[in-house]
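Here is a short report on one protein fold. Please keep the sequence and the model side by side while reading.

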Amino acid sequence: MFAGSKFAAFLFDMDGTVLNSIAAAERVWTAWANRHGLDVAAFLPTIHGRRARETIAALKLPGVDPLAEADLLLKAEADDLEGIVPIPGAVAFLESLPPERWAIVTSAPRELALLRIKAAGIPVPAMMVTAEDVTHGKPAPDCFLLAARRLGVEAGDCLVFEDAPAGIAAGEASGASVMVISATHVHPLATPHPAISSYDEIGIALDDSGWIALAPERAVA
């Protein structure tokens with residue numbers, strides 16, 4: 001798994017990658033979909049990994065303003081934080097990383113991202129790219145390119161951690177290497193990239209320049 005590779009920084013998606021907010025998100029989106037007469041079972045798989053405004057815009061619903069609806073959804077999601085938990089092993093793994101060598105790169109708005117991070121009990125990153133920071137959301141690579149730039153590294157020297165097809169595509173387009181997190185996958189995701197279901201499966205080693213290599217597993221204290 002990336003044997004012999006070293007990375008300047010790790011870039012983590014949030015929902016489904018370092019924390020599990022699926023139950024809360026799907027409660028809110030189910031209510032929204034029912035109000036708009038959508039087939040909930042068919043619609044819910046499309047909400048993950050993309051900004052709400054783009055998910056709504058893709059539906060082309062008559063008389064629906066994607067920005068206004070996304071704002072209403074943000075308020076509803078901010079009020080529903082029940083059951084948000086960290087992905088197994090994520091807290092210890094993130095805490096093992098140098099703060100200047102990782103970031104969260106999420107399609108969620110900053111307000112919601114911070115609420116979910118707090119609810120899950122994962123470390124707050126020193127740097128975070130959120131929905132407001134880019135014009136084009138995932139699967140465009142803009143968010144990962146911006147995160148790398150803010151960290152002062154090249155995107156091609158980064159490892160992206162993602163769980164959703166849109167985010168994986170964004171990571172690929174940025175030139176970064178990609179690790180798939182499968183902890184929340186109900187069905188296997190066809191991907192050429194290495195995949196793990198828990199951060200307990202990996203550890204890190206730092207060289208003298210601060211570059212990060214993956215180790216097979218984290219040492220247990």
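Which residues are buried in helix α6 (residues 110–120)? In this predicted model, they are L112, A113, R116, I117 and A120. Viewed down the axis of α6, these buried residues fall within an arc of 135°, so they line one face of the helix. An α-helix has 3.6 residues a turn, so residues three or four places apart point the same way. The buried residues of α6 pack against several elements, among them α1 (22–35), α4 (66–78) and β4 (102–105). Contacts with β2 (19–20), β3 (85–86) and β5 (128–129) also occur. G121 follows α6 and has a positive phi, near 75°.

Next, the sheet. Six strands form an open sheet in the order β5-β4-β1-β6-β7-β8, with parallel pairing. Its edge strands, β5 and β8 (195–196), each pair on one side only. Strands β6 and β7 pair in the parallel sense over four bridges. L159 has S177 in β7 as its bridge partner. Helix α8 lies across both β6 and β7, at about 165° to β7.

| Element | Residues |
|---|---|
| Strand β6 | 158–162 |
| Helix α8 | 165–174 |
| Strand β7 | 177–181 |

Strand β7 includes I181. Is I181 buried or exposed? I181 counts as buried because its relative accessibility is 1%, and the cut-off for buried is under 20%. Leaving out residues up to four places away in sequence, I181 touches G16, T17, I87, F161, E162, D163, I196 and Y199. S107 lies 74 residues from I181 in sequence and 16 Å from I181 in space, C-alpha to C-alpha.

Key: Residues are numbered from 1 along each chain as its sequence is written. This is a predicted model: local features need pLDDT of at least 70, side-chain atom pairs count only at pLDDT 80 or more; totals for chains, interfaces and linings use all residues. Side-chain values use heavy atoms; hydrogens and water are left out. Buried means under 20% relative accessible area, exposed over 50%, partly exposed in between (1.4 Å probe, protein chains only). Helices (H or I, at least four residues) and strands (E, at least two) are DSSP runs, numbered from the N terminus. The arc is that of the directions from the helix axis to the C-beta atoms. Contact means heavy atoms within 4.5 Å. Two strands pair if DSSP finds at least two bridges between them. Axes are lines fitted to C-alpha atoms, for helices over the stretch in contact, and angles run from 0 to 180 degrees between N-to-C directions.
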